[in-house]
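This report describes one protein model in terms of its metal site, its nonpolar cores and a few selected residues. The sequence and structure come first.

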Amino acid sequence: MAERRDNIDLVWSISELSGLFERRTNIDDFLQAVVDRIAEHLESDVCSVYLLDEAEGRLVLRATRGLDPGSVGTVSLMLGEGITGTAVKELRPIREARGNRNPLYKFIPGTNEERYQSFLAVPIRRGLSRIGAIVVQHQKQDQFTAHDTRALQAIAGQLASTLENVEMIMELHNRRAPLLPARRGAAEQIPCQCAAEGIAVGRVVHLGGVDDVVEPDHDDEDQEAAFRRALERTDRQLEALHRELDERLADIASLIFGTHLLMLRDEEFSGLMVDGIRNGSRAHVAVRTIVDRYVEMLSASTNPRTREKTQDVRDLGSRLLRNLRSEQDDGGDLRGRVVLAHELFPSDLVRIAAEHAEGIILTGGGATAHITILARSLEIPTVFLRAHDDGNLSDGDMVAVDAYEGVIHRDPSPALLERFERARELHRIDETVRGEGPAFTRDGVAVELLANVNILHDVEVASRVGAAGIGLYRSEFPFLVRNDFPSEIEQLGIYRRIAERAPEGPLVFRTLDIGGDKLFSESEHSEANPFLGLRGIRFSLAHRDLFDEQLRAMLRAGVGRDLRIMFPMIASVEEFIVARSRVLAMQKDLEAERIDHHRSPLLGVMIELPSAVELASDFARVTDFMSIGSNDLVMYLLAVDRANERVEALYQPVHPAVLRSFKRVVNAGREHDCPVSICGEAGGDPQVLRFLIGVGLRSISADPARIPGIRTTIAQIDSRDAARLAPELLAMSTTDDVLQRLRRT
Ligand code: PEP
Ligand code: MG
């Protein structure tokens, strides 16, 4: 415990500083002087000031001594998030002898704060209104006293009034942007939901929109010659994109630009445009007319596959127009643009990513699971606006999309852009946190870390972050992106590439999981309740020929690897038995055909339905492994669709029923010696993780980009403490009790 300090002179010196402030014009210098003085006086390693952006409910780091200075203005916490966010939300000081052991603690990557143990956060308030927080941290434990808390509270009171005055003075002098982020023009910020994290800056363009606010102005120019040049340039660009895509994403996306190229080279299509020009139309008018005519024809088709092509034709039209407008070859892609789309199919997403768009804003009101998952794998920042809201965004608007915090900034200031650039840097640093092999709890218990893989690119990230194998390969992605069923040979090619590049260790291929919200773009058999319909294994068992082809491709690709095949959406033991019999039958066929294949793959099930939890012991007896699919399990257990904003708050992975289900599955596995893992997102949630380790789970499969963070969280958990905590949580009847107990840990 630190010696008692006399804090009176500190309070004085801050009030003196406040008094002096009016002669200064720079709030940053002032706050820096404050944090320096507090840190020196309390002999703390860190002192930081956060100010609340009320419009966004976010605390932004505004000055620090001790943390990385680059984090100022970029690091932020939501109100209620972490110890600091909680202190401000609940308007009470929080003092922790070992802050990084508190479950509320939120490690902020890139700030270098991981080494600090003592933690004291004091809210800055004015009456009941929240202004921000002062936080001090120290490497040693238990450095701050109740006396220090009171001193910081006095300083916070002093600062509150100064900050208010400062804002007014700043506005009067009009020297710079208003001081408190809370008062920034909220109209410029559009709240949104994050689907795939990242930061995107660029001009808005509607998907398939013509993207030409300004028409070409070459009145006297030979319109036909201009059109032909645009045609050639478009052809070259598409060829180049096609080649690049083939290299980068061959596993899923080989024919994405196929329709574009076919149409472009179709002489009727371009011929009609030339006719129009010869009849006196300007080139861009001719292009628009023919594109509109084709779109109309295609949309009237009774064949859903034909109807789907309208998007490709629109897209091609917009590309031609862009090339007509500008003679400069800008690659003809979406660099510098943020795509605004109402709805998006996986193939659109891959195309947009291949064209180097900076980010995506979806206005459809909810991102489906596979769009979210795919966007993350493609590393394209994606957000979605609430239903019926397009944020009043128009083509050409400049936006900065913060897909970490869920805010779209329209017309971002240069200062904001600079801040975003720094934030990008910080996140890059975070991604370089590596590790090898299992994670270890603080008391040395090993936890296996496997990667979830959606596309080949994830396999590379999995290796970089030291994953011990692939715990879930979502085989539906090549199907969804192509909107079709690849043949056995095509699948073999895809799975082989995954197998060849995957880290040593388990390689879990999951069979097709379509249905629910993972639908083909225009399903021929639409269902009233797709989540309760022909989904996952049900689809495979209803289409045995497709299932057999997939199993053959998996068995062939897994030769020489620790191949495991897993079935999704299993509701009954019978389903597993039938699925297993198909695997055995395919092995027999391949044997008879003398085709090389894996002879003894392990076979397992996803536990993602309440019925499967109930039958966990039965599954543990007949399967080789089980994996908890918490994404679906939470949804089906609580009957909550996470993409439905009206009930999303009810989606609670720490709901007592969910915790008890997790425990039953882990227990069943242990009793019958059947390995259990978790591959849903809850496995990466620090609070759930503590519980899962407490009930004895020792294997987690997660998005590879999340693995470094999970490693860090596990290192902070003591398995013995977790084992003591778990029964307490299991005895609780309400989510609130669980959350409160976790907060006290
Ligand atoms: C799950 O449901 O938790 C899971 C991992 O599967 P998916 O997200 O692909 O449905
Ligand atoms: Mg699932």
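In this predicted model, helix α11, which spans residues 346–354, is mostly covered, with nine of its nine residues buried. The buried residues of α11 are P346, S347, D348, L349, V350, R351, I352, A353 and A354. Just after α11, H356 adopts a positive phi of about 60°.

**Metal site**

The magnesium ion (ligand 2) is coordinated by E608 through OE and by D632 through OD, at 2.0 to 2.2 Å. These two residues link distant parts of the chain, 24 residues apart: E608 sits in the loop between β20 (602–607) and α20 (610–614), while D632 belongs to helix α22 (residues 630–638). E608 and D632 are both buried.

D632 also has a protein partner: its side chain makes a polar contact of 3.0 Å with the side chain of R535. Leaving aside residues up to four places away in sequence, D632 touches R535 and E608.

P610 is located in helix α20. Its C-alpha atom is separated by 9.0 Å from that of V634, a residue 24 places away along the chain. Not counting residues up to four places away in sequence, P610 touches L633, Y636 and L637.

**Nonpolar cores**

Which residues touch the most other members of the largest nonpolar core? They are F567 and F662, in a core of 97 residues. With residues up to four places away in sequence not counted, F662 touches I628, S630, L633, P653, I678, A682, V688, F691 and L692. Apart from this core lies another, of 55 residues, among them A196, L298, A353 and F477.

A353, one of the buried residues of α11, is a member of the core of 55 residues. D632 is a magnesium ligand and a polar partner of R535.

Technical notes. Residues are numbered from 1 along each chain as its sequence is written. Chains are lettered from A and ligands numbered from 1 in the order in which they are written. This is a predicted model: local features need pLDDT of at least 70, side-chain atom pairs count only at pLDDT 80 or more; totals for chains, interfaces and linings use all residues. Side-chain values use heavy atoms; hydrogens and water are left out. Donors are N, O and S atoms within 2.8 Å of the metal (3.2 Å for Na, K and Ca); water is not among the atoms, so sites may look incomplete. Helices (H or I, at least four residues) and strands (E, at least two) are DSSP runs, numbered from the N terminus. Buried means under 20% relative accessible area, exposed over 50%, partly exposed in between (1.4 Å probe, protein chains only). A nonpolar core is a set of buried Ala, Val, Leu, Ile, Met, Phe, Trp, Tyr and Cys residues joined through side-chain atoms within 4.5 Å. Contact means heavy atoms within 4.5 Å. A polar contact is a pair of N or O atoms within 3.5 Å; within protein, one must be able to donate a hydrogen and the other to accept it, and residues adjacent in sequence count only if both atoms are side-chain atoms.
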